[in-house]
Amino acid sequence: MPSSTTASKYVCIHGHFYQPPRENAWLEVIEVQDSAHPYHDWNERITAECYEPNATARILDQENIIRDIVNNYSRISFNFGPTLLSWMETYAPETYEAILEADKESIKRFKGHGSAIAQVYNHIIMPLANERDKQTQIAWGIRDFEFRFKRKPEGMWLAETAVDIKTLEALAENNIKFTILAPRQAKAVRKIGETEWTSVNDRSVNTKQSYLCKLPSGKSIYIFFYDGDISQSIAFNGLLNDGRHFADSLLNAIDPNNKEAQLVHVATDGETYGHHHKHGDMALAFCLDFIEKEKSINLTNYGQFLSLVPTTYEAQIHENSSWSCVHGVERWRNDCGCNSGGKPGWNQQWRRPLRDALDWLRDQANEIVEREGKKIFRDTLAAKNDYINVVLNRNDDTIKKFIKSNIIDTAQSSDVLRLMEMQRHAMLMYTSCGWFFDEVSGIETTQILQYACRVIQLASQTGNVNLEPEFLERLEKAPSNVSAHRNAAEVYKKFVLPALTNLKRVGMHYAVSSIFDDEPEALTIFNYKTYSESFIKKEAGDQKLALGITRVKSLVTLSEKKFTFAVICLGKHNIIGNISLDMGPDNFASMQFRMVKAFEEGRLGDVIGLMQSYFGSEKYTIWQLFSDEKRKVLELIAKESLFELENSLRKSYNSDYQLITALSNNDIPIPNAYRTAFEYVLNADLTNCFLSDRINIKAMERISSELDRWSLKIEDLDKLSKLAGESIFKELKRIASERENVKRIQRLNRMFPLLKKFGLKPNLHKSQNYYFQISREARKTDNEDEIQWNEQLKLLGENLNVKVL
């Protein structure tokens with residue numbers, strides 16, 4: 001690291017790592033997204049393709065064999081969206097910890113300056129936000145950062161780098177030292193102390209230095225304008241195809257004739273490194289490694305650069321500008337022509353009426369919060385800003401502390417929390433991705449409409465007002481490009497309202513799922529808790545009956561209700577259920593006695609009649625289950641039928657095996673019915689090979705031989721590749737704990753040629769990491785078995801493309 005400040009040359013690479021919040025507005029979990037197959041959802045997929053690989057990035061030798069594994073995050077500047085980190089903390093904890101650890105490493109590397117910077121909380125376009133939300137977005141972004149990284153942030157990333165003077169004032173007021181902008185956002189510059197401004201544009205602004213932006217309040221903030229050309233090449237022009245070329249582009253941007261300190265820095269979406277560009281993480285790792293070996297060049301981050309190199313120029317910005325819309329911030333409020341492309345004839349005329357509708361809803365919600373908040377809170381805005389502490393760690397203690405710090409008088413906890421949740425969702429509905437793409441019915445826009453629906457529900461509960469009719473009227477002005485959807489109001493009705501959840505629906509879900517759950521007396525259903533006061537379950541073959549009294553409590557608002565229910569399964573997915581809020585204990589006891597008696601006597605018609613008699617005509621079915629649970633139950637039911645189908649096909653496979661062999665040997669086409677049956681059986685066998693505790697190489701070799709012999713195909717290569725990758729990792733962990741078991745590692749090595757024959761491409765990332773770790777622990781020995789084991793370990797490294805020096 002440099003000790004002087006004058007003639008030093010620096011390089012800084014910034015990654016903006018972010019995914020929009022995808023959680024169901026009521027369940028607070030991401031439901032299955034089939035477009036991310038074979039992964040559960042897009043967060044999971046992008047983690048596997050980008051976030052995890054950058055925490056353990058590979059550096060290859062000249063033979064394309066892994067020679068080192070490094071944490072890219074420790075050597076770049078980066079920000080992670082708070083809502084993404086919240087998801088990772090639960091669903092990708094190893095990667096989450098690696099990101100936090102990288103920041104600690106960077107503090108040592110860059111002389112006390114961590115590489116992580118904060119981000120406005122849920123990626124709101126700040127110039128379009130009202131003043132209250134501006135303050136909260138920054139306050140929540142800072143608090144989330146402090147909670148995770150255990151230090152104060154020096155810088156903050158603005159969503160889409162969208163900026164205006166009021167936003168910079170808010171950053172400076174919250175002690176944010178710097179932010180990063182696109183070069184076209186620079187308006188004018190001058191040397192500090194001079195009076196004349198020089199107009200600049202994206203071609204003429206000097207991006208190799210920092211700038212001071214003096215604000216009307218008297219405060220100031222530092223700005224870095226990144227190198228636009230190189231950043232564009234990284235993101236869109238294939239620069240990541242070659243790590244050496246990437247490094248050269250950065251190094252060649254340094255002016256060797258300029259003796260002043262220079263900072264060549266770039267900024268792109270972090271997902272560029274692995275998700276948008278496969279192996280982009282490896283190109284980044286090679287680039288960083290190469291630059292680090294250049295003794296005349298110093299890798300740095302923005303905080304360190306500011307501490308080493310005095311800022312000598314100040315800058316003015318173009319207000320209401322951003323990095324992804326040449327028209328400023330119009331992409332998030334108008335049909336400006338910016339879109340993701342690929343749909344000739346489509347327009348984005350829906351953007352303005354959508355924003356207008358949400359602005360109206362936000363203002364209505366704010367009126368309720370102000371009116372009701374005066375009765376409850378000491379300071380409504382201060383309470384809103386403080387509520388992040390509950391969001392970060394929702395439990396009884398944080399809720400009690402929040403209420404004690406912010407409440408004037410005794411108030412129902414559920415009322416307090418509903419008002420705060422209404423404010424939270426009123427911000428989530430402004431997540432920028434809702435306007436970024438082409439169509440109002442896209443998943444990003446329906447997601448923000450779901451948050452709006454939650455605001456409407458909470459407004460009804462806290463303000464006793466129904467905002468939905470007028471909101472829908474306003475959404476009707478937002479036209480869809482898809483004729484079947486017509487407008488945003490129809491999109492809301494089709495895709496948002498079916499997700500609407502309340503305590504009654506959770507009670508329905510509990511009742512139906514209790515039929516299939518072994519221990520349903522106390523269940524946590526996403527962010528709801530159920531407690532059974534009475535529960536009875538009867539089974540007779542495929543028919544099942546469940547009755548009970550259960551209490552459902554929201555873990556978010558603490559509201560709760562008690563329900564009485566009865567549900568009968570007539571076989572497979574044929575389920576009928578009823579639920580009541582007001583059935584007394586005597587009625588329930590009478591109903592239970594009569595229904596159980598009728599069920600045990602096989603009088604199913606009488607059971608259904610009794611349900612109607614006690615509950616009324618309103619009933620529910622399996623379709624009332626939440627998406628993931630519904631799929632799980634239907635797959636459980638289908639599994640039983642598929643087992644019967646597989647047995648039937650396997651009988652044909654076993655009995656007609658010789659016939660099909662004879663047909664094949666005599667070049668007689670195999671009938672399609674047989675091809676389908678045999679393909680199904682062999683694919684099922686291969687799937688079972690990857691799911692078993694012990695790799696069955698003989699079975700895999702048989703499957704490979706028979707697929708070849710009869711020219712049959714592997715179905716769902718993506719799913720089987722994923723299973724193969726998981727199987728290899730599990731086997732590698734067993735190998736590490738059984739170093740005396742040579743046969744186990746031999747079996748694993750025999751597996752790799754078969755995977756190539758099957759056309760499977762497993763993700764070996766975790767296995768390579770683990771191999772890198774255990775191979776470094778391999779010891780020299782004279783023991784014959786251990787020598788054999790080490791030889792097989794070396795072969796395994798070749799199969800995994802890992803070399804340990």
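This is a predicted model: local features need pLDDT of at least 70, side-chain atom pairs count only at pLDDT 80 or more; totals for chains, interfaces and linings use all residues.
In which helix do Glu 146 and Arg 143 both lie, and how many residues apart are they? Both belong to helix α4, which covers residues 131–149, and they sit three residues apart, about one turn of the helix. Arg 143 is partly exposed, at a relative accessible area of 28%.

The whole chain can be described next. The protein chain has 805 residues, and its radius of gyration is 31 Å; a compact globule with that number of residues would have a value near 28 Å, which agrees. Along the principal axes, the C-alpha atoms fill a box of roughly 95 × 80 × 55 Å. The chain contains 28 helices and 19 strands. Of its 805 residues, 56% are buried. Among contacts between residues at least 6 apart in sequence, 70% join residues at least 24 apart. The accessible surface comes to about 35,600 Å², and carbon and sulfur atoms account for 47% of it.

Salt bridges come next. Side chains of opposite charge can pair when their charged atoms come close. The structure holds 49 salt bridges. One of them joins Glu 421 to Arg 424, with the closest N and O atoms 2.7 Å apart. These two residues are in helix α14 (residues 413–428), three residues apart, which means that about one helical turn separates them. Glu 421 is buried, with a relative accessible area of 0%, and Arg 424 also counts as buried, at 8%.

A salt bridge can also be traced between separate elements. Glu 600 pairs with Lys 538, and their closest N and O atoms are 3.3 Å apart. This pair links distant parts of the chain: Glu 600 is in helix α20 (residues 585–600) and Lys 538 is in strand β16 (residues 528–540), 62 residues apart. Glu 600 counts as exposed at 53% relative accessibility, while Lys 538 counts as partly exposed at 26%. Elsewhere, salt bridges that share partners join Glu 646, Arg 650, Asp 685, Arg 702 and Glu 706 into one network.

The nonpolar side chains come next. The largest nonpolar core has 94 residues, and within it Phe 471 and Leu 475 touch the most other members. Helix α16 (residues 443–463) gives the most to this core, with nine residues. Leaving out residues up to four places away in sequence, Phe 471 touches a set of residues including Trp 360, Leu 449, Ile 456 and Tyr 492. Another core lies apart from this one; it has 75 residues, among them Trp 42, Trp 87, Ala 116 and Tyr 273.

Aromatic rings remain. The structure holds 34 aromatic pairs. Tyr 51 and Phe 80 form an edge-to-face pair, 5.6 Å centre to centre, with 65 degrees between the planes. Tyr 51 lies in helix α1 (residues 42–55) and Phe 80 in strand β4 (residues 77–80), 29 residues apart. Tyr 51 is buried at 0% relative accessibility, and Phe 80 is buried at 4%. Phe 246 and Tyr 273, in turn, form a stacked pair, 6.4 Å centre to centre, with 20 degrees between the planes. Phe 246 belongs to helix α7 (residues 243–252), whereas Tyr 273 is in the loop between β12 and α8. Ring pairs also link Phe 17, Tyr 51, Tyr 73, Phe 78, Phe 80, Phe 145 and Phe 149 into a cluster.

How values were computed
Residues are numbered from 1 along each chain as its sequence is written. Side-chain values use heavy atoms; hydrogens and water are left out. A salt bridge is a side-chain nitrogen of Lys or Arg within 4 Å of a carboxyl oxygen of Asp or Glu. Helices (H or I, at least four residues) and strands (E, at least two) are DSSP runs, numbered from the N terminus. Buried means under 20% relative accessible area, exposed over 50%, partly exposed in between (1.4 Å probe, protein chains only). A nonpolar core is a set of buried Ala, Val, Leu, Ile, Met, Phe, Trp, Tyr and Cys residues joined through side-chain atoms within 4.5 Å. Contact means heavy atoms within 4.5 Å. The radius of gyration is taken over C-alpha atoms; the globule rule is 2.2 Å times the number of residues to the power 0.38. Accessible areas come from the Shrake-Rupley method with a 1.4 Å probe; for residues, only the protein chains shown count as cover. Rings of Phe, Tyr and Trp (its six-membered ring) pair if their centres lie within 6.5 Å; planes under 30 degrees apart count as stacked, over 60 as edge-to-face and the rest as tilted.
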